[in-house]
Amino acid sequence: MNTFITKNFLLQTETAQAFYHEHAAKMPIIDYHCHLVPEMVAKNHQFKNLSEIWLAGDHYKWRAMRTNGVDEKYCTGKETSDWEKFEKWAETVPYTLRNPLYHWTHLELFTAFGVDKILKPETAKEIYDHCTELLQKPEYSAQGLMKKYRVEVVCTTDDPIDNLEYHLQVKNQPFGVKMLPTWRPDKAMAVEVPKNFQNYVGKLSEVSGVDIKSYDDLLVALRKRHDFFAEVGCKLSDHGIEEFYAEDYTESEIKAIFTKVYGGAHLTEVEILKFKSAMMYEFAVMDHEKGWTQQFHYGVIRNNNTRLFNKLGPDTGFDSIGTFNVAKPLSKFLNKLDMEDKLAKTILYNINPSDNDMIATMLGNFQDGTIAGKIQFGSGWWFLDQKVGMEAQMQSLSTLGLLSRFVGMLTDSRSFLSYPRHEYFRRILCNLIGNDVEQGLLPKSEIAWIGQIVENICYNNAKNYFKFD
Ligand SMILES: [Zn+2]
């Protein structure tokens, strides 16, 4: 009998429990957006201990440890051992109460390793040794864990210049889980630093075999890579942007801007905006032609701490929620594509919860009846990927759109231990709908139908929407 992560964890009513145990729990996982390292999947990486699989690269945990007064050397330092880092994490966990880390931690320990103890200094050694021992077994390898959690498809996040060799390798392995690339061309529109852009275009030129001298050449090269990604099974693009770029521009302006920045000159703010607007449009058109889904993750302000950015680089825990006024440019961007009949399936992820209702109502403007839920409100992302954030996203989507057509959860994670986030989401979903039934807001007579909707949100909607087969 478990003490914390019980069978009915987060399920407050009998109806919620029935939805979860009879419908949600049995569905496989389609993880349509994540940041797993494809090489680790292809080589079926075996982790040497619990710190390697759990702490390395986890900026959520580092942030909590720093906040708890832990020295940086126990987060990202090379001079401390894996055990010393774990010890500091175990000291921090009790202080994470009410942060999603507290739930994630115990859900991951229980579902992956059967650990039914609270992680704290007194239990740290025992838990570390137990999990590290299990990690030596083949079922705890990268591929083993994906199978353990019944993952059917994962979509990684890849740059257009990536040769996708590991995706191709996995295709020829008897693994059985689909690992598909996702087209993330952020660097192809990052023209803020001319030198970086020149370097990137140089690499793109090499990989694509297109001698890039002009904006037209750039597009030809990117199209070739887009085609290649499609051949390897790519069905989605993803864009990490601060804001939506929808500035008016002419072709000749963009050609001149490309020549200027590729020649090494700095652009004005307006030129940067125009160039990004042109690229976003071109990428959107490519995705529409292929029948892909385009994803936009927007609104984060990154690398706020210059001192630690200079020391540790990006994605180390120094990003936060931004405030941007995106409603009008987002509407303009989607409208232009819709007017030209070039609007691809689209998923919008906001990081500022004050945008929830704006996004939920924006969807309805561009649903065109070609596919259910063509324009999607993405599940609570990053800082919003927690109980309150997910409930708020589903409340907005329910009251202003159709929750029933939602493609559901994704991990957006770098870790092979993050699959219980799907379970966490499913329990929260079942609890939300179960409470409605118990309160008479949904009819008990339709319980079988509502159970079907639960299954759809957990799995079937994503399967029908992305069309991975
Ligand atoms: Zn992501």
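1. The cut-off for buried is under 20%. Phe9, at 7% relative accessibility, therefore counts as buried. Please keep in mind that this is a predicted model.

2. Aromatic pairs number 29 in the structure. Edge-to-face requires planes over 60 degrees apart.

3. Phe244 and Tyr298 also pair edge-to-face, because their planes are at 65°, with 5.2 Å between the ring centres. Phe244 sits in the loop between strand E5 (236-241) and helix H12 (251-262), while Tyr298 belongs to strand E6 (residues 293-298), so the pair ties together parts 54 residues apart in sequence. Both Phe244 and Tyr298 are buried.

4. One group of rings deserves a look on screen. Trp54, Trp83, Phe86, Trp89 and Tyr128 are joined into a cluster by ring pairs.

5. Two lysines lie over tyrosine rings. Lys88 places its charged end over the ring of Tyr74, 4.9 Å from the centre. Lys336 lies over the face of Tyr281, and here the distance to the ring centre is 4.2 Å.

6. Now the metal site. The zinc ion has three protein donors: His33 (NE2), His35 (NE2) and Asp412 (OD), at 2.0 to 2.1 Å. Their spacing along the chain is H-x1-H-x376-D. His35 and Asp412 link distant parts of the chain, 377 residues apart. His35 is in the loop between strand E1 (29-31) and helix H2 (38-42). Asp412 is in the loop between helix H17 (387-400) and helix H18 (420-438). Both His35 and Asp412 are buried.

7. Helix H6 covers residues 100-113, 14 residues in total. Its span from first C-alpha to last is 19 Å, close to the 20 Å expected at 1.5 Å a residue. At the start of H6, a side-chain oxygen of Asn99 comes to within 2.9 Å of the backbone nitrogen of Leu101. Gly114 follows H6 and has a positive phi, near 70°.

8. How much of H6 is covered? Mostly: twelve of the 14 residues are buried. Among them are Trp104, His106, Glu108 and Phe113. The buried residues of H6 pack against helix H3 (50-54), helix H4 (59-67), helix H5 (82-92), helix H7 (121-134), helix H8 (142-148) and H18.

Conventions:
Residues numbered from 1 in each chain as written. Predicted model: local features only at pLDDT ≥ 70, side-chain atom pairs only at ≥ 80, totals over all residues. Heavy atoms only, no water. Phe/Tyr/Trp six-rings, centres within 6.5 Å; stacked < 30°, edge-to-face > 60°. Buried < 20%, exposed > 50% of the residue type's maximum accessible area, 1.4 Å probe, protein only. Helix = DSSP H or I, 4+ residues; strand = E, 2+ residues; numbered from the N terminus. Lys NZ or Arg CZ within 6 Å of the ring centre and 35° of its normal. Donors = N, O, S within 2.8 Å, 3.2 Å for Na, K, Ca; no water. Expected span 1.5 Å × (residues − 1). Contact = heavy atoms within 4.5 Å. Polar contact = N/O pair within 3.5 Å; in protein donor to acceptor, adjacent residues only side chain to side chain.
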